[in-house]
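This note is meant to be read with the sequence and the model side by side. Please locate each residue on the display as it is named.

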Amino acid sequence: MTSHTIRHVRVTPIAFRDPPLLNAAGIHEPWALRSIIEIETHSGLVGINESYGDLPMLDAMAKAAPALTGLSPWALNDMETRVAALVTPQQTASEFLGTQVSLAPGTHVSKTVAKVISAFEVAMMDLQGQLANAPVVDLLGGAARPAVPFSAYLFFKYAEHIDQPYAPDPWGEGITPEQLVAQARRMIDQYGFKSIKLKAGALPPEQEVAAMLALAKAFPGAPLRIDPNGNWTVPTSLKVVEQLRGVLEYYEDPAPGLDGIAAVAAACEVPLATNMVVTDLKEFRRNAEMGCPVKIVLSDHHYWGGLRATQRLALMCETFGLGLSMHSNSHLGISLTAMTHLAASVPQLSYACDTHYPWQDDEVVQGGRLRFEDGSLRVPTSPGLGVQIDREALAQLYDNYLNTGIRNRDDLGQMRKYDPGFTGHQPRF
């Protein structure tokens, strides 16, 4: 009888087109980096996943991958122990020296072990589902909902990249309130989203407030959120929320740090959300000890340590009376599918999830782009994740990676091509 133990782990870095989206750190580069993980058993089964693709993450996975050889796909605890022994924050800290301090928690050195565990866990659970003839959501306890709602994720953006490595994206410029409303209308018409999130902290706050008020007028009753990524001072944060009184569903990361969030929360009736200051158990504890100024945790299985770890986070949120949703970064269909299985398995999911998916044109799964129905993704019912790799697409995306020259995300460096004096200092406003 052929063994189902793990024979080989294969990690393929990829790059796909990304629009010139503005944020507090600068602007997205023309290419987003990810990695495709394949874990193959002696029986020939292959479990897949998608994760970060920056060079430190690739190096960390390379260090840990040999330790999976001989493991059963069911041995998740053993996998975690082996990864933790081989990949520590100290091992990769030197690789981050001199690089940009990013807004994305997924790039933090402290998250290295959790990220590698998550990268392997999802692929192993894809294998488990294939062996058990069950979708991943069933391995997580079953679906609490048949489909998972997502929100329209808007960005201020330029019409094209300054480097112009390919044709301008079809969304065009998004700077004025009128352009943001048109962006939202197009996204909602195409995907059916019911709620709207605006990435802020990029332009003067009065311009971003004007855009939010225009969205509120254009889409009456739609839940609205704004996220300046901690790029506003506490006084600016309070001024903005007063100007948006009656508009916001929640207020995400207005001021920097948990202390900044707490200062805003003390004078603000709108619930505060975060994906920046409650990103691990230590930070969760501090939030609780401070009386929970953060009321909504935007989880992300990529850096929380995987699907099961995020389920534990959901239970903790329920215990402390906190809301729960999910953060997103630029990703393709494998990552989005894993996120959908997880979100479906969490009864406590309080808000529609974030996704950058409408901004990406490329795809790596067979059958092409995933299809939203009425703003939601249906939970796959076929074994494992329910998606497979398109080999031709993977080869093209790998070729992109080899030819881009980008090995670490650098929104700050990209922004300096437009504005040489841009410092990225925070809070900026």
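Where does Q360 lie? In this predicted model, Q360 is placed in the loop between helix 13 and strand 14. The points below begin with that residue and then turn to other parts of the chain.

1. **The surroundings of Q360.** Although Q360 belongs to a loop between helix 13 and strand 14, its relative accessibility is 1%, so the residue counts as buried, the cut-off being under 20%. Two polar contacts of its side chain deserve attention. One reaches the backbone oxygen of R17 at 3.3 Å, and the other, of 3.1 Å, is made with the side chain of D18. Apart from neighbours within four places in sequence, the residues in contact with Q360 are F16, R17, D18, P19, S330, H331, L332 and R369.

2. **L22 in strand 2.** L22 is part of strand 2, which covers residues 22-23. Is L22 buried or exposed? Its relative accessible area is 3%, and L22 is therefore buried. When neighbours within four places in sequence are set aside, L22 is in contact with I27, F155, F156, K157, Y158, I175, K199, A202, L203 and M415.

3. **Packing of helix 1 and helix 4.** Two packed helices are described by the angle between their axes and the distance between the axes. For helix 1 (residues 55-64) and helix 4, the angle is about 65 degrees and the axes are 10 Å apart. The two helices are therefore roughly perpendicular to each other, and helix 1 passes helix 4 in a right-handed crossing. On the side of helix 1, the contact is made by M57, A60, M61 and A64; on the side of helix 4, by T112, K115, V116, A119 and F120. Sorted by class, this contact has seven nonpolar residues, one polar and one charged. The spacing of such residues may be read with a general rule in mind: an α-helix has 3.6 residues a turn, so residues three or four places apart point the same way.

4. **Packing of helix 8 and helix 9.** At what angle do the axes of helix 8 and helix 9 cross? The axes of helix 8 (residues 234-243) and helix 9 (residues 257-265) cross at roughly 40 degrees and come within 9 Å. Helix 8 is therefore oblique to helix 9. The crossing of helix 8 past helix 9 is right-handed. V234, S237 and L238 of helix 8 form the contact with G260, A263 and V264 of helix 9. By class, the contact of helix 8 with helix 9 holds four nonpolar and two polar residues, and no charged ones.

5. **The two ends of helix 10.** Which residue caps the N-terminal end of helix 10? The cap of helix 10 (residues 281-289) is D280, with a side-chain oxygen 3.3 Å from the backbone nitrogen of K282. Just after helix 10, G291 has a positive phi of about 90 degrees.

6. **Backbone geometry to check.** Most residues other than glycine have a negative phi, and most peptide bonds are trans. N133 has a positive phi near 55 degrees and is not a glycine. N133 is found in the loop between helix 4 and helix 5 (136-139), and its relative accessible area of 62% makes N133 exposed. D374, also not a glycine, has a positive phi of about 55 degrees. D374 sits in the loop between helix 13 (333-345) and strand 14 (376-378) and is exposed, with a relative accessible area of 53%. Finally, the peptide bond joining Q426 and P427 is cis, with omega about -5 degrees; P427 lies in the segment after helix 15 (411-415).

7. **H108 in a loop.** H108 is located between helix 3 (89-96) and helix 4 (112-132), in the loop there. With a relative accessible area of 27%, H108 is partly exposed. H108 and L244 are separated by 136 residues in sequence and, from C-alpha to C-alpha, by 32 Å in space.

How values were computed: Residues are numbered from 1 along each chain as its sequence is written. This is a predicted model: local features need pLDDT of at least 70, side-chain atom pairs count only at pLDDT 80 or more; totals for chains, interfaces and linings use all residues. Side-chain values use heavy atoms; hydrogens and water are left out. Helices (H or I, at least four residues) and strands (E, at least two) are DSSP runs, numbered from the N terminus. Buried means under 20% relative accessible area, exposed over 50%, partly exposed in between (1.4 Å probe, protein chains only). Axes are lines fitted to C-alpha atoms, for helices over the stretch in contact, and angles run from 0 to 180 degrees between N-to-C directions. Angles under 35 degrees count as roughly parallel, over 145 as roughly antiparallel, 65 to 115 as roughly perpendicular and the rest as oblique. A crossing is left-handed if the near helix is turned anticlockwise from the far one by less than a right angle, and right-handed if clockwise. Contact means heavy atoms within 4.5 Å. Ala, Val, Leu, Ile, Met, Phe, Trp, Tyr, Cys and Pro count as nonpolar, Asp, Glu, Lys and Arg as charged, and the others, Gly among them, as polar. A polar contact is a pair of N or O atoms within 3.5 Å; within protein, one must be able to donate a hydrogen and the other to accept it, and residues adjacent in sequence count only if both atoms are side-chain atoms.
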